[in-house]
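Dear colleague,

I am passing on the structure we spoke about, and my notes on it follow directly below. Please read them with the model open beside you.

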Amino acid sequence: MRAVVQRVSEASVSVGGEVVGRLDRPGLMVLVGVTHDDDRAKAAKLAAKLWGLRVLHDEKSCSDVDAPLLVISQFTLYGDTAKGRRPSWLAAAKGDVAEPLVDAVVESLRGLGASVATGRFGADMAVSLVNDGPITLVLEV
């Protein structure tokens with residue numbers, strides 16, 4: 001699993017003009033990509049890493065200050081641009097594999113006590129955020 005994590009002061013995701021997920025206070029916006037060998041154990045490991053990641057102000061984590069997370073599926077994180085100008089998506093898991101694993105990340109975070117907003121899997125989403133810092137990290141588990 002691969003995630004792009006941004007510390008945000010606010011963030012939202014809309015589908016067809018309707019806001020489906022929002023952070024109205026500082027937290028983390030997380031794009032999650034799934035590849036073929038990912039499983040629920042990796043989803044739980046990613047969730048634990050996100051919950052404890054000390055990138056908020058004063059080196060605090062979401063778990064320290066009860067900061068919310070916005071989790072959005074993002075298959076393009078596994079795009080391969082090594083050849084030519086058109087990305088290959090072969091490393092990205094198909095939707096029937098990826099969707100339950102993105103859901104497992106969200107479930108694991110909620111199980112840890114996190115407040116989690118989400119996008120809508122497979123939808124054409126418009127993401128809006130204010131990157132605080134800016135802080136942006138790439139995580140792999």
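Glu59 counts as exposed, at 61% relative accessibility (buried means under 20% relative accessible area, exposed over 50%, and partly exposed in between, with a 1.4 Å probe and protein chains only). This residue is found in the loop between helix 1 and helix 2, and its phi is near 55 degrees, a positive value in a residue other than glycine. Helices here are DSSP runs of H or I with at least four residues, strands are runs of E with at least two, and both are numbered from the N terminus.

Please bear in mind that this is a predicted model, in which local features need pLDDT of at least 70 and side-chain atom pairs count only at pLDDT 80 or more, while totals for chains, interfaces and linings use all residues. Residues are numbered from 1 along each chain as its sequence is written, and side-chain values use heavy atoms, with hydrogens and water left out.

Asp66, in the loop between helix 2 and strand 4, also has a positive phi, of about 55 degrees, although it is not a glycine; Asp66 is partly exposed, with a relative accessible area of 40%.

Leu56 lies in the loop between helix 1 and helix 2 (62-65) and is buried, with a relative accessible area of 9%. Not counting residues up to four places away in sequence, Leu56 touches Arg7, Gly27, Leu28, Ser61, Cys62, Val65 and Ala67, where contact means heavy atoms within 4.5 Å. Of these, Gly27 is 29 residues from Leu56 in sequence, yet the two are 7.4 Å apart in space, C-alpha to C-alpha.

Turning to the helices, the axes of helix 1 (residues 40-52) and helix 3 (residues 95-111) come within 8 Å and cross at roughly 45 degrees; axes are lines fitted to C-alpha atoms, for helices over the stretch in contact, and angles run from 0 to 180 degrees between N-to-C directions. The contact involves, among others, Ala43, Ala47 and Leu50 of helix 1 and Leu101, Ala104 and Val105 of helix 3.

The structure holds one aromatic pair, formed by Phe75 and Trp89, which is edge-to-face, with 5.2 Å centre to centre and 70 degrees between the planes. Rings of Phe, Tyr and Trp (its six-membered ring) pair if their centres lie within 6.5 Å, and planes under 30 degrees apart count as stacked, over 60 as edge-to-face and the rest as tilted.

Finally, the peptide bond from Gly133 to Pro134 is cis, with omega near -5 degrees, and Pro134 lies in strand 6 (residues 125-140).
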